[in-house]
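Please look over the sequence and the structure shown below before reading on.

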Amino acid sequence: FDSLKGYEQNRQKISKTVDISADPRGIEQTHEHISQVIRDLEQDNHSTLLIGGGHDHAYPLIRAYSDLKKTVGCINIDAHFDLRKPNPLITSGSPFYLAIEAGRLNPEHLIEFGIQKQSNNNEVRAYADQKKIKTRWFDELRDGRAVIEFQKELNALASKVDCLIMSVDLDAFSESYAPGVSAPQA
């Protein structure tokens, strides 16, 4: 990971934490609040780490960096693409669809890593194919290849973007290690 931009400079201690609660007016307002907090932190030269909440929170993170005029790249470590259309509401399965359709994330700068074929419907798979989203299937990462392949993808993507987001959905882990997620996987 030494080739990543800013790697050495980002060995700092946590200097500020912010708790964000769900806005009772709805998910869109919660997303706007998250984006604003991230923009404010970044403008004050803080590096940000978003932990917790539904996977829909990947969207306001991408949106915040896009608002700061950064070219955003994202690696989604997940069993699912999370490319579902809001139908009619935003869900944990919508963040990357929202980011792509809003023009905040170039599909060429999204890597879907560890995706499980049995966990995604044909409509979502067709959308990923149509947008030419790089997909690294779970089956091709077995036998100790995941770490090496992840490092390759991370370094290649980091060379193309200003800001790299790594989104980890807990359902990428076996249900025995991460119980309580909305879409658990064996």
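## Charged side chains and their partners

The side chains of Glu-42 and Tyr-65 are joined by a polar contact of 2.7 Å (a pair of N or O atoms within 3.5 Å, where within protein one must be able to donate a hydrogen and the other to accept it, and residues adjacent in sequence count only if both atoms are side-chain atoms). This is a predicted model, in which local features need pLDDT of at least 70 and side-chain atom pairs count only at pLDDT 80 or more, while totals for chains, interfaces and linings use all residues. Residues are numbered from 1 along each chain as its sequence is written, and side-chain values use heavy atoms, with hydrogens and water left out.

Glu-42 lies in helix α1 (residues 27-43), helices being DSSP runs of H or I with at least four residues and strands runs of E with at least two, numbered from the N terminus. Glu-42 is buried but has no salt bridge, and Lys-70, the nearest side chain of opposite charge, is 4.3 Å away. A salt bridge is a side-chain nitrogen of Lys or Arg within 4 Å of a carboxyl oxygen of Asp or Glu; buried means under 20% relative accessible area, exposed over 50%, and partly exposed in between (1.4 Å probe, protein chains only).

The structure holds 13 salt bridges, including these:

| Pair | N to O distance |
|---|---|
| Arg-25 and Asp-23 | 2.8 Å |
| Asp-67 and Arg-39 | 2.6 Å |
| Glu-153 and Lys-134 | 3.1 Å |

Arg-25 is exposed at 64% relative accessible area, whereas Asp-23 is buried at 18%. Glu-153 is buried at 6%, while Lys-134 is partly exposed at 41%.

How values were computed: Lys, Arg positive; Asp, Glu negative; His and termini not counted.
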